[in-house]
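Here is a short briefing to read beside the structure. It goes from single residues to the whole assembly.

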Number of protein chains: 2
Amino acid sequence: MPMRWNNMDKARAYRRLRRSEKLPNLAEVLNAERMESWVIPGGGGLDYYYGASLLTPEIIDNLQALANEQQLVRKYLAMVKGEKFNTGENRRVLHHLTRGNVNGRARDENGFNIGKFYRDEYHRISQFVKQVYRSKVQTSWGLPFDNAVQIGIGGSDLGPRALALALQGSCEQKFPCHFVSNVDPHDVLQVRQQIDPSRTLVILVTKSGTTQETLANHRLLNRWIKHHLSPDADVSYHTVAITSQTSPLVNSKDVRIPFYIDDNIGGRFSSTSAVGALVLSLAYGPQVFEEILAGAHEADMAAREKDIRKNAALMDAMIGVYNRNILGMPATAILPYAQSLARFPAHLQQLDMESNGKSVNRFGEPVNYPTGPIIFGEPGTNGQHSFYQLLHQGTDIIPLQFIGFRQPPREFEPEADGMENYIKLNANLAAQIIAFAKGRKHENANKNFNGGRPSTILVGDKLTPRALGALLAHYENKIMFQGFCWNINSFDQEGVQLGKILTDSVLAGTAEDETLKTCAKILGIDQLGTSG
Amino acid sequence: MPMRWNNMDKARAYRRLRRSEKLPNLAEVLNAERMESWVIPGGGGLDYYYGASLLTPEIIDNLQALANEQQLVRKYLAMVKGEKFNTGENRRVLHHLTRGNVNGRARDENGFNIGKFYRDEYHRISQFVKQVYRSKVQTSWGLPFDNAVQIGIGGSDLGPRALALALQGSCEQKFPCHFVSNVDPHDVLQVRQQIDPSRTLVILVTKSGTTQETLANHRLLNRWIKHHLSPDADVSYHTVAITSQTSPLVNSKDVRIPFYIDDNIGGRFSSTSAVGALVLSLAYGPQVFEEILAGAHEADMAAREKDIRKNAALMDAMIGVYNRNILGMPATAILPYAQSLARFPAHLQQLDMESNGKSVNRFGEPVNYPTGPIIFGEPGTNGQHSFYQLLHQGTDIIPLQFIGFRQPPREFEPEADGMENYIKLNANLAAQIIAFAKGRKHENANKNFNGGRPSTILVGDKLTPRALGALLAHYENKIMFQGFCWNINSFDQEGVQLGKILTDSVLAGTAEDETLKTCAKILGIDQLGTSG
């Protein structure tokens, strides 16, 4: 039977959901038994608890029916097999193959084995990393490298950066790695203060090889490195690239070695590809990166299950659809109770908002329902002393996605025993779930908490590389299921193009729109001179 | 005439706004003349451009009328004079006095001059800083300090941290200062790797002297410092406190010197008080901090103007009210085109969402309209490669607040000349404003941009301390005007209390709610042991 690609509002189950009974009173229905038993293993040791959501068994049945009508799991499996799911760009979507052979052998038109290509590139990278460790890879003056700077932006930055930070708690850092993304020169200039230019390995990440910011940052950093090398040194020894085989960087005289990615992996889904592999393997060792891959693969396997009550990513996706489309909630907060996940919400913000912030379906026709929500968040307990006021007592209800771990990532030293603090961290998380769900009546309305504010929790034992890989893949799969449900293409990003075109016209001095020229003037661009 | 405290929906101007004509077509009305001339100086050299908002002259007149009916500027002036505006907590709201004598002489019931108290404390702090610089303040073993760690959370962290980061581009750092906030012990353990414990000055910031996370972090850091001192050294020499005069820290044996704040300044408004003064003066010198104060004072003075077309904070506030209450937009994005403002959106997230995320008016009665929006954001151009997809083509319209500077904060060195990059940065900002406002028609709906997505820009010459102070105060005043308009108390935060109570019950083992106990079990607290 051929695949169906219908808009969500055509689904019978969606119409049933729209008509369904009023919300459960969360304060009443949420009890210990529901809290404890509404749980799904998500792979990599993660458990997804959803008892504090605004669901009833009947709503879950309807969400299952909706998932079936929209063929979410079937589409996932077909995607992993290599069907062209990125219709707008006529590409496959194969990031799953970087971490496992999920469903076999995706080949392109010429019979080329794409999964093998990813594995081979990863093998080249891990060999390269070992050579860097052994000082076999050197500068043109024969110095070993002692630090790395990854230059990339968006998908070439947020995921690897968030993961590198997240591993600080559990893993020994083997090699200092820094990140530069913003074209604001401040970003390069700050990183510069932390590194020895004569020993810096630059990892230049741009799939197309043409990303404006990334190339400008590479020029800026390179100029400074060159300034600190002896005149006969070759600065190109300092740069390796991660790019596609058709990119201008492949044969660039500024690049020592290219490592390859391809168009079947979108930037925001590329953390487990070469884009994350080199910097994370270098920072923590290839073994750690392979544990991330293993955890991600476990989550990918868990997402193949058709029963929504046994598929954490699918349940998470459908709860999101329910909150967004039936309850009309505009945003979702991501609240990790782990300081080392400080940048994980920023990664998810990209992953989700760039994938599903779309107004047309995969055939380019406008959809009649809201799609991707706003995603924002900060680690707890910090947020509790900040924006949680609005989450508790604001006029809008914002569903919450908590992330927590039962134990600290490693043992404490006696002189810095943080167990008291860690217990406080988790006690706060437990308390927040109940405070949001159940509230508290108070005769003073200013001190009253209505409750009924839904949340879910992803809980792992420890924030290990494996758990981190599963966390990453859980959200990738959740977002992809939502995209299928909304019948949109989650894998292109046409919304970023217009800004690029207008920017180029300002820089080239060919802007025709008088308002644009005025904006440029307001921002001092005529005073600063122009630049190509 | 006594002050009126009416809910916004009682205002005639509000009802006119609700009935008003359909939206202007932004792509049509926005031309060079409007872009350039719809501008208000905001103090500190900042210009607030609002031509790309969804306003018409008629709507502005109605917003002026609404501001008049709700007596926004009159209330601001009365607040600064010392009337008790924080009704819920029966306190004044006097952070403006930390940076100028705006309207004179706020005294308490006993005739005590509160502005003078703030100035005197700042004088003590700047003297202390100079003594640290001159190595006159020493450890008990006679070592000079060479680094500082500020421990605080929420209002004792986000503002000072965001400002410290923001000054990196323009100012020479005189003294390395770090920040710790999260009770997750990872936060302390990471900072620990960057400092010499025998030379660490700890700045302990908690107004009440009882903030759970802050005290736990102080214990953890102190234990580690002590471990590295000789047995006869006195670890209390390492800690100064910023706290209220009634706090248990005032006479604590763990504290060397207390500096004082008082209850008339709320945490999130305390960046220009002692809470920000010590760490920022230490990091960059008292002169730099005084420039921040001067800039903030200029913005405060600019906010006294009654004509909305001449008061940037008031216009910004009323545009926010219009977007939220008339157009139904749930969020606002803060998008600084300056990498050093990376944490400024997180500060504003607290400032805005904690102040105005309320559902009851200042008399504790429920309000019938949405109040504070969701605030989120990341620096450009990073965001362009991330969540801007949804901002351009998502199903919801999210109003945007851009921040930019005409020139880089200081001159570039020849070997690291970032001017090409800086021009690209500002060209991108100019392009985004036009792309959002005007869009672009395309026969392929997936490549089509409807436009009509409103924005405003705050533009300064350079991101100097003065501009930064004005930026800070602009938003404080904007948020306060909105609170007055919505008739809510922007200065309390009852929404954070319930979580604290439930956390304490978990930690004390006295939790009665079975669901809460189950949550604690899910998070492994029974395995970890309990803690007081």
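In which loop of chain A is the place of Q71(A)? Q71(A) sits in the loop between α4 (57-69) and α5 (72-81) of chain A. Keep in mind that this is a predicted model.

**Backbone exceptions**

- Most residues other than glycine have a negative phi, and most peptide bonds are trans.
- Q71(A) is not a glycine, yet its phi is positive, about 55°.
- Q71(A) has 18 other C-beta atoms within 10 Å, so it counts as partly exposed.
- N487(A) is not a glycine either, and it has a positive phi of about 60°.
- N487(A) lies in the loop between α16 (465-486) and α17 (497-508) of chain A.
- N487(A) has 24 C-beta neighbours inside 10 Å and therefore counts as buried.
- The peptide bond from G380(A) to T381(A) is cis, with omega near 5°.
- T381(A) belongs to the loop between β9 (374-376) and α14 (388-393) of chain A.
- In chain B, a cis peptide bond joins G380(B) and T381(B), with omega about 5°.
- T381(B) is found in the loop between β9 (374-376) and α14 (388-393) of chain B.

**Helix α6 of chain A**

- Helix α6 covers residues 114-133 of chain A, 20 residues in total.
- At 1.5 Å a residue it should span 28 Å; the end C-alpha atoms are 29 Å apart, which agrees.
- Its buried residues are G115(A), Y118(A), E121(A), Y122(A), I125(A), F128(A), V129(A) and V132(A).
- An α-helix has 3.6 residues a turn, so residues three or four places apart point the same way.
- D120(A), H123(A), Q127(A) and Q131(A) are exposed on the other side of α6(A).
- The buried residues pack against β5 (200-205), β7 (257-261), α10 (274-284) and α11 (286-302) of chain A.
- S135(A) follows α6(A) and has a positive phi, near 60°.

**Chain A as a whole**

- Chain A holds 19 helices and eleven strands.
- A compact globule of 532 residues would have a radius of gyration near 24 Å; chain A has 24 Å, which agrees.
- Along the principal axes, the C-alpha atoms of chain A fill a box of roughly 75 × 60 × 55 Å.
- Of the 532 residues of chain A, 61% count as buried.
- Among contacts in chain A with a separation of 6 or more, 75% come from residues 24 or more positions apart.

**How the two chains meet**

- 126 residues of chain A are in contact with 128 residues of chain B.
- Helix α15 (residues 419-438) of chain A gives the most to the side of chain A that touches chain B, with 17 residues.
- That side of chain A divides into 56 nonpolar, 50 polar and 20 charged residues.

Technical notes: Residues numbered from 1 in each chain as written. Chains lettered and ligands numbered in written order. Predicted model: local features only at pLDDT ≥ 70, side-chain atom pairs only at ≥ 80, totals over all residues. Helix = DSSP H or I, 4+ residues; strand = E, 2+ residues; numbered from the N terminus. Expected span 1.5 Å × (residues − 1). Buried ≥ 20, exposed ≤ 12 C-beta atoms within 10 Å, placed from the backbone. Contact = placed C-beta atoms within 7 Å. Nonpolar A, V, L, I, M, F, W, Y, C, P; charged D, E, K, R; others polar. Rg over C-alpha atoms; globule rule 2.2 N^0.38 Å.
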